[in-house]
Amino acid sequence: MSIEKVKAYFDQYGIADRVREFDVSSATVELAAKALNCEPCRIAKTLSFMAGGHAILIVMAGDAKIDNPKYKAQFGAKAKMLTPDEAESLVGHAVGGVCPFAVNQGVDIYLDDSLKRFETIFPACGSSNSAIELTIAELEKYSGFAAWVDVCKGWN
């Protein structure tokens, strides 16, 4: 199970006990915000794409949307999201629980500028009913991200 992989990953940093599991789904921004009783914009959604022949993840604020021209300028190709089957096999997490932690080898992770306006955000933890509250510095540390990018619109 993907959440167990994420908990084991966080265990090495001593923060596995911060993972929250819910009795309700948190698979979408709206459901996660309701489960956490927070603003939807503070949900850190992780979308999976194919770029340069391999899977990449972009973590962005809950109110942000991919801006196709910005994405193409950053990655040199049109944004092509992974199918649910591709996400699970290439990234290691099922859609609804995709997160930037404990992902398969070779998956590059990018953090979008839309997150920088928050002190803390809530990414999923590998299942459709989990989340963890992290500061931006913690997100940087635990995600092993490749770079900050500006590929979103609709949030500023």
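Predicted model: local features only at pLDDT ≥ 70, side-chain atom pairs only at ≥ 80, totals over all residues.
**Note on the sheet and overall form of the chain**

1. Asp 112 stands opposite Val 149 of strand E9.

2. Asp 112 lies in strand E5, which covers residues 108–112. Strands E5 and E9 run parallel and are joined by 3 bridges.

3. The sheet to which both belong is open and consists of 6 strands, ordered E8-E6-E2-E3-E5-E9, with mixed pairing. At its edges are E8 (134–135) and E9 (147–149). Each of these two has a single partner strand, so one side of each is left without a neighbour in the sheet. Val 149, the residue opposite Asp 112, is therefore part of an edge strand.

4. Across the whole chain there are 5 helices and 10 strands. The radius of gyration is 14 Å, close to the 15 Å from the globule rule for 156 residues, so the chain is as compact as a globular protein of that length. The C-alpha trace spans about 40 × 30 × 25 Å along its principal axes.

5. Among contacts with a separation of 6 or more, 64% are between residues 24 or more positions apart. Of the 156 residues, 49% count as buried.

6. The accessible surface of the chain is about 7500 Å², and carbon and sulfur atoms hold 50% of that area.

Notes
Residues numbered from 1 in each chain as written. Heavy atoms only, no water. Helix = DSSP H or I, 4+ residues; strand = E, 2+ residues; numbered from the N terminus. Rg over C-alpha atoms; globule rule 2.2 N^0.38 Å. Buried < 20%, exposed > 50% of the residue type's maximum accessible area, 1.4 Å probe, protein only. Contact = heavy atoms within 4.5 Å. Areas by Shrake-Rupley, 256 points an atom, 1.4 Å probe, with all protein chains shown as cover. Pairing = 2+ DSSP bridges.
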